[in-house]
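Reader: Hi! Could you take me through one part of this model in detail, the place where the two chains meet, along with whatever open space you find around there?

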Amino acid sequence: MLPAIVSGLATGAIYATAALIYNLMYATSRVLSVTTGHITMLGAVAGAWMIFVLGLPVPVALLGSLAVGTLFGVLTELVAVRRVLARSDEHLWLLSTLALATMAQQSVALWWGTEPRPFPRIFPQDFADGVADQKFWLPIGVMVLAVCGLELLYRRTMWGRLFHATSEDAFAARARGISTDRVRMVSYAMSGALGGLSGFAAGQLTFAYFALAFR
Amino acid sequence: MAGLLRAFVVVSVLLASLQARAQDTVRIGWLSSLTGPLSSAAIAENQGVLYAVDEINKAGGILGHKVELLTRDTAGDPVKALNLAQQLVFADKVQFVIGPVNSGEALAVVPALAKAGIPDIVIGSLDQLTDPAKYPLAFRTINTNTQWIATANTYALDVLKRRKVAVIGDTSGYGTSSAKTATALLEKAGITPVYSVLIDPNKTDLTDEMNKARAAGADVVMPWSAATGMLARLLNTRGDMGWDVPVVGHPALMALPIKALLNKPSYWDNVFAAGYASTTYVDGKLPERTVALMDAIKPMMGGKIDFTFWWVALGYDSMKVVAYAATKANSLDPDKIKDVLEHTTDYPGVYGTYTWTPTNHNGFPDSGLVMNIGGTFKEGSYQAAPR
């Protein structure tokens, strides 16, 4: 019973973190970006590539995954969101984010391959540790960290208040001198970083797999 | 007006010359999922198809005409496969089609090709893809799924002497159908599985299912899925649980991508999968025909074979069967091709030795299937499982 609960919690944590990423992007743009899962996929693949192929140490690879996620978040905002929102109020962002997501996924498939590849152990640990295995607790830990971190951000920082203001009424926020474009860009960059971290933490459960995004 | 007329004449002459050139070749459509999640087998099969085309053309082509291969990447998508098949038939005017690679795609394509009257070499294993009444021009080179399952069941029951079977399928069309067939065949042998489950092939952890299988008293686990990620997770879970139950099932259990996904190399112990006599070492040797093809094709693959070789042999044989049928019929007429194939006995390929009859369009013999040991991959082939 306990293994099923821990396993379920870990899988649930991956989805919960994805939901936080969605929310972070949606709050400042009113866009449900289809690229959310792809950011997580890129985090896992980038981490595995940097450790196994480039031979980088785990902390460096973690930073690398965060950087890749952040870049993809920024790219999403620049290419698939900003230009579409500037031209139309319709839900065309659905198509633009889907197009970007598909391009990212197919590019990874061509480069990385279509079979799942392994993700390394982050800490030395025996595989027979059952429910104590890091593959379960890393995604749960990242989810808890993300919830607490975002809560602190929203409640205690100026940027959090700017997110709230932009989310509740972008016109009013702009009228008060808030650069809503910049706020949106920062939220997408943060979403990317969180996705990269989530993919890195979940890699041992999900493997580094190009189709991870559509799970 | 005169300009228009001149342009019309020029276009007509060009079209006529293009048509004449098209008739100089035998056009063969090759529906292959070269990209996408189902690409591993297709990429390997493509190597075999390309090599066979090259070999046939160097020997003078088919009936004196060069083979023109029209490869279309289906990306593993049945809708795309169907559209491309129709494009091949109606726009490109192919005389044969090979594929598609995956059964799910073939379920959509085979009826369409039958309707269009184009001979099709089927390389999907689902049983319902051939039917001499419904699809008279569809001939299969790969074994059927039932052949794989029957081979594995026989090994689990008669050789390993196991009776408490856990059947695990994935939730894809293939996995669901295979688990159903496996259960039906087991019940025919008087065995009711102690545990059956269908799992999402992308499920991240199989601890729950494997614990339930053990609690149900299973003494053999039989997975029917081609998803290497799921199979690796199953073996990892078994290993982490410290449960030394034999795992017997789908050939993908032996696929090389699984190796890297295992927590420990020893987790591949006590794993047996349906394989082929053509790619099984007996006393350290492979059959002569396999060795000959390997030697010939190896330079194209950078001097080493790092994927399952029967895929290559299947692609090679499928193209050679087309050449054989057309040459023997001395015609590209579909009815004459059908007649030749339906009266073919023991056609010697590399992957298998084929026999088709008017009532059976599944050419691969039961004797071509054997059981292999997981983790014994060497140059695309495997060791035979102990009998």
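Author: A quick bit of bookkeeping before the details: Ala, Val, Leu, Ile, Met, Phe, Trp, Tyr, Cys and Pro count as nonpolar here, Asp, Glu, Lys and Arg as charged, and the others, Gly among them, as polar. With that sorting, the lining of the second largest pocket comes out as 13 nonpolar, five polar and four charged residues. Keep in mind that this is a predicted model.

Let's stay with that pocket for a moment. It holds about 570 Å³ of space, and 22 residues line it. Those nearest its centre are A:E115, B:S40, B:P257, B:D306 and B:F307, so named from both chains because the lining counts residues with an atom within 4 Å of a point. As for elements giving two or more residues to this lining, they are α2 (36-53) of chain A, plus α2 (39-58) and α9 (256-261) of chain B. The top contributor is α9(B), with five residues.

Now the interface itself. Chain A puts 21 residues into the contact and chain B puts in 23. Together the two chains bury about 1800 Å², with 54% of that on carbon and sulfur atoms. On chain A's side, A:E115, A:F127 and A:F207 account for 31% of the area buried against chain B, more than any other three residues.

What about polar links across the interface? Five residue pairs are in polar contact there, with both partners at pLDDT 80 or more. Looking at where chain A's touching residues sit, the elements giving two or more are α1 (2-29), α5 (134-156) and α8 (180-206) of chain A. Of these, α1(A) gives the most, with four residues. By class, that side of chain A has 12 nonpolar, four polar and five charged residues.

On to charges. Side chains of opposite charge can pair when their charged atoms come close. Between chain A and chain B the count is one salt bridge, and it joins A:K135 to B:D205 with N to O at 3.8 Å. Over all chains, the structure holds 14 salt bridges. Another one to click on is A:D133 with A:R121, where the closest N and O atoms are 3.0 Å apart. Both of these residues lie in the loop between α4 (93-112) and α5 of chain A, so the pair ties together parts that are 12 residues apart in sequence.

Most residues other than glycine have a negative phi, and most peptide bonds are trans. B:L63 has a positive phi of about 50° even though it is not a glycine, and its place is the loop between α2 and β2 (66-73) of chain B. The bond joining B:G99 and B:P100 is cis, with omega about 0°; B:P100 lies in the loop between β3 (96-98) and α4 (103-116) of chain B.

Definitions and conventions:
Residues numbered from 1 in each chain as written. Chains lettered and ligands numbered in written order. Predicted model: local features only at pLDDT ≥ 70, side-chain atom pairs only at ≥ 80, totals over all residues. Heavy atoms only, no water. Contact = heavy atoms within 4.5 Å. Buried area = accessible area lost by both parts, 1.4 Å probe. Salt bridge = Lys/Arg side-chain N within 4 Å of Asp/Glu carboxyl O. Polar contact = N/O pair within 3.5 Å; in protein donor to acceptor, adjacent residues only side chain to side chain. 1 Å grid on protein atoms, 1.4 Å probe; cavity = no way out; pocket = protein on both sides within 12 Å on 5 of 7 lines; lining within 4 Å. Points joined across faces, edges and corners; volume = space filled by probe spheres on them.
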